[in-house]
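Please read the sequence alongside the coordinates below. The paragraphs after them go through the fold and then through selected side-chain pairs.

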Amino acid sequence: MQKTFLVLALLLPALLSNPEPSHAQSSSSSQELDTNILLRPDAVVEGQYVTLGDIFSGIDVEQADIPVSHSPQPGRQTVLDYRWLYGIAQRNKIAWRPRTTADQIVITRASQTISIDEISEAIKDALVDHGIKPPFTVDLSGETFQIHLPVDVPAEVEITGLDVNQRTNRFIASVTTGTQTAQRRTYRMSGRYFPLAQVPVVIEPVRRGEIVRPDQVEYRNVRSERLPAGAIRDINDVIGKEALRPIKSDEPLMFRDFSNPILVRRGALVTIRLFTANMSLTARGKALEDGAKGAIIRVMNMTSNKTIQVEVVAENEVRALPAMSQ
């Protein structure tokens with residue numbers, strides 16, 4: 001026992017004076033950092049793989065194309081953190097290490113998109129081929145997503161299946177992208193179609209009492225089941241009419257909200273004309289009530305102070321009715 005203590009006492013100074021290097025010291029000394037190699041903050045990739053060149057700048061050209069990870073799905077992102085990046089750098093003998101635990105890179109997969117509107121148009125064409133008579137609109141209200149495709153795949157959509165219930169106007173469509181490619185995908189989408197009716201609408205608000213001009217009206221498609229009873233369907237039933245209340249734009253127009261414009265106002269001075277086979281007479285009168293074109297109203301003859309019935313023919317102009325004139 002005393003011999004053992006003696007040996008340790010002799011060896012201890014030597015051990016303290018020549019300590020064995022730690023693992024951290026050996027690893028840091030075995031690979032010096034290259035200040036030209038930098039971590040990119042983000043990268044956009046088009047292919048299926050992320051390469052060293054996508055992650056680091058300043059590396060050898062031979063290393064830049066080495067794939068190190070699968071890229072995210074088209075249109076998606078992924079974040080590579082400092083631990084993963086340091087591991088990749090060590091395995092590929094890249095003289096880089098993270099400065100802080102916040103070091104990371106955001107990888108985005110480039111894509112081309114097919115919008116929900118494009119999908120709706122494709123389904124609409126398929127419904128026509130199925131025998132649904134246009135015009136109609138397709139409602140995919142429960143579907144709001146976009147389809148993201150790789151940049152090397154044609155941005156086309158094909159309806160590869162369609163089930164239609166014409167009693168409820170419901171359908172289920174198989175929407176396929178990337179046909180005849182390795183990126184082929186099929187999505188099942190459900191919705192409804194609604195028949196449309198063409199009706200006139202005003203394209204700008206119309207005030208009460210305003211006469212509707214031709215340039216204020218145009219036809220629009222409206223879902224038939226939303227069209228109320230009494231809606232105007234002919235544009236000629238609107239043009240030249242007077243609005244009886246304020247009219248909003250882009251809404252179905254109702255017969256009850258329009259009338260022929262008032263050409264003669266109560267109390268207004270009017271010209272009374274009387275035409276017979278042998279003569280034509282005019283007189284001045286005072287309107288006792290409002291009247292639109294073609295309306296029969298009462299007017300007081302200013303010369304005889306008698307009340308007669310007349311027909312409104314123009315603004316402040318009336319025609320005496322021979323059988324009724326006094």
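The model is a predicted one.

Start with helix 5, which spans residues 82-91. Its buried residues are Y82, L85, G87, I88 and A89. The elements that cover these buried residues include strand 1 (38-39), helix 3 (52-55) and strand 4 (56-57). Strand 5 (67-70), strand 6 (77-81) and strand 7 (104-109) are also among the covering elements. After helix 5 comes K93, which has a positive phi, near 55°.

The loop between helix 5 and strand 7 holds one partner of an aromatic pair. Searching the whole structure gives two aromatic pairs. One of them joins F56 and W96, with a centre-to-centre distance of 5.2 Å and 55° between the planes, and it is classed as tilted. F56 belongs to strand 4 and W96 to the loop between helix 5 and strand 7, so that the pair links distant parts of the chain, 40 residues apart. F56 has a relative accessibility of 1% and therefore counts as buried. W96 also counts as buried, because its relative accessibility is 7%, and the cut-off for buried is under 20%.

The rings of F136 and Y193 make up another aromatic pair. Their centres are 5.8 Å apart and their planes stand at 65°, so this pair is edge-to-face. The reason is the angle, because planes over 60 degrees apart count as edge-to-face. F136 is in strand 9 (residues 136-139) and Y193 in strand 13 (residues 185-202); the pair links distant parts of the chain, 57 residues apart. F136 counts as buried at 5% relative accessibility, and Y193 counts as buried at 5% as well.

A ring also takes part in a contact with a charge. The charged end of R223 sits over the ring of F194, at 3.6 Å from the ring centre.

Two single residues give a view of local surroundings. S174 is placed in strand 12 (residues 170-177). Is S174 buried or exposed? S174 counts as buried, because its relative accessibility is 13%. Apart from its neighbours within four places in sequence, S174 contacts E158, I159, T160 and G161, and also T186, Y187 and R188.

P228 lies in the loop between strand 14 (217-223) and strand 15 (242-243). With a relative accessible area of 37%, P228 is partly exposed. Not counting residues up to four places away in sequence, P228 touches P252 and M254. P228 and P252 are 24 residues apart along the chain, and their C-alpha atoms are separated by 8.1 Å.

The last topic is charge pairing. Side chains of opposite charge can pair when their charged atoms come close. How many salt bridges does a search of the whole structure find? The search finds 13 salt bridges. One of them joins D257 and R245, with 3.0 Å from N to O. Both residues lie in the loop between strand 15 and strand 16 (258-259), so the bridge ties together parts that are 12 residues apart in sequence. D257 counts as buried at 7% relative accessibility, whereas R245 is partly exposed, with a relative accessible area of 40%.

Other salt bridges share partners, and these join E204, E210, R213 and D215 into one network. R213 is partly exposed at 37% relative accessible area, and E204 is partly exposed at 32%. E210 counts as buried, because its relative accessibility is 16%.

Methods: Residues are numbered from 1 along each chain as its sequence is written. This is a predicted model: local features need pLDDT of at least 70, side-chain atom pairs count only at pLDDT 80 or more; totals for chains, interfaces and linings use all residues. Side-chain values use heavy atoms; hydrogens and water are left out. Buried means under 20% relative accessible area, exposed over 50%, partly exposed in between (1.4 Å probe, protein chains only). Helices (H or I, at least four residues) and strands (E, at least two) are DSSP runs, numbered from the N terminus. Contact means heavy atoms within 4.5 Å. Rings of Phe, Tyr and Trp (its six-membered ring) pair if their centres lie within 6.5 Å; planes under 30 degrees apart count as stacked, over 60 as edge-to-face and the rest as tilted. A charge sits over a ring if NZ of Lys or CZ of Arg is within 6 Å of the ring centre and within 35 degrees of the ring normal. A salt bridge is a side-chain nitrogen of Lys or Arg within 4 Å of a carboxyl oxygen of Asp or Glu.
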